[in-house]
Amino acid sequence: MHKDIATPKRTKEILEKYGFSFKKSLGQNFLIDPNILNNIVKAADLTGESGVIEIGPGIGALTEQSAKTAERVLAFEIDQRLIPILKETLAPYPHVKIVNEDVLKADLHKEIGQFFSKGQDVAVVANLPYYVTTPILMKLLEEKLPVRVIVVMLQKEVAERIAAEPGSKSYGSLSIAAQYYAEAETVFTVPKTVFVPQPNVDSAILRLTRRTKPPVDVSDETFFFKLVQAAFVQRRKTLLNNLSKFFKDELDKHTVQSALESLDIDPKRRAESLSIKEFASLANHFNERLN
Ligand code: SAM
């Protein structure tokens, strides 16, 4: 019986056997603590019927822990050098499929449709490459994939921004974008010492539970997200200032001010104090006015 891939000893043996050198540009920080991996998998509440999607299996440390519970696992790995390694390390788990592809370029609807059975419970469980955390998460959320939950390891600071509530320093357009699609919570934080090589930043596990329907009614999603971004362009400036700039070709400052007042939103407030509900009413109001 082999020891878990994630044990420091076995990881070292595998890396040495293949003469593997880490590529910083691909965010390659591998986990070497089976306990932490187990806790990541636990946070996804998998059953023996669940399907798992993983992004960046590395040498298979987390993949192995998911595969112990899940019915099948689909993993996207960009680095071709890892494919023969994964073939060996995951040989005891024939229900794992590795796809050698950049997840940002993958047609996930098609891959999910082909690999998982119809109506199967599917979770994303991954230790994300930190250089592309936000684009990957936004792709998973915006494409409205049939995924129940997304449990990912990422930079602590990004996890805090995603899960932030109005009024906090971390709250911004990323919090609103993510929380529009999912309920977000930081499950636990992870020290640098459980990775090889050690990253420069602290990490956290974030759980995003997909909503069946957004928490607010928005008449035009693209316009809503643009307005939210514009409101945060200069965080220290008032809402009136940022929005007047955004609407400068269509509305004068006085009109923007009256609109805010008519919605009971003080024009002197800053974007960081507005709830997602208030942003939705702002976006719906201006969208109607401009169309
Ligand atoms: N899952 C392993 C673990 O926990 O030890 C490795 C995690 S490591 C932080 C990130 C992995 O993502 C690396 O294996 C890297 O090669 C891979 N990766 C980087 N960019 C990727 C992309 N765009 N698509 C798919 N995989 C990617």
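## Asn 29, between a helix and a strand

Let's start at Asn 29, which sits in the loop that runs from helix H1 (8-18) to strand S1 (30-31). Keep in mind that you're looking at a predicted model.

## Glu 77, in another loop

Now hop over to Glu 77. You'll find Glu 77 in the loop linking strand S3 (72-76) with helix H4 (83-89). Glu 77 is buried too, because 25 other C-beta atoms lie within 10 Å.

Which residues is Glu 77 in contact with, once neighbours within four places in sequence are left aside? They are Gly 56, Pro 57, Leu 82, Ile 83, Leu 86, Ile 98 and Asn 100.

## What the record says

Both residues turn up in a UniProt listing. The unreviewed entry has Asn 29 and Glu 77 under "binding site", along with Leu 31, Gly 56, Asp 102 and Asn 127.

## Stepping back

So much for the close-ups. The whole protein has 12 helices and nine strands, and its C-alpha trace spans about 70 × 40 × 30 Å along the principal axes.

Of the 291 residues, 37% are buried. Take the contacts with a separation of 6 or more: 67% of them join residues 24 or more positions apart.

Notes:
Residues are numbered from 1 along each chain as its sequence is written. This is a predicted model: local features need pLDDT of at least 70, side-chain atom pairs count only at pLDDT 80 or more; totals for chains, interfaces and linings use all residues. UniProt positions are given in the numbering used here, feature names are shortened, and annotations may be inferred rather than shown by experiment. Helices (H or I, at least four residues) and strands (E, at least two) are DSSP runs, numbered from the N terminus. A residue is buried if 20 or more other C-beta atoms lie within 10 Å of its own, exposed if 12 or fewer, and partly exposed in between; C-beta atoms are placed from the backbone. Two residues are in contact if their C-beta atoms, placed from the backbone, lie within 7 Å.
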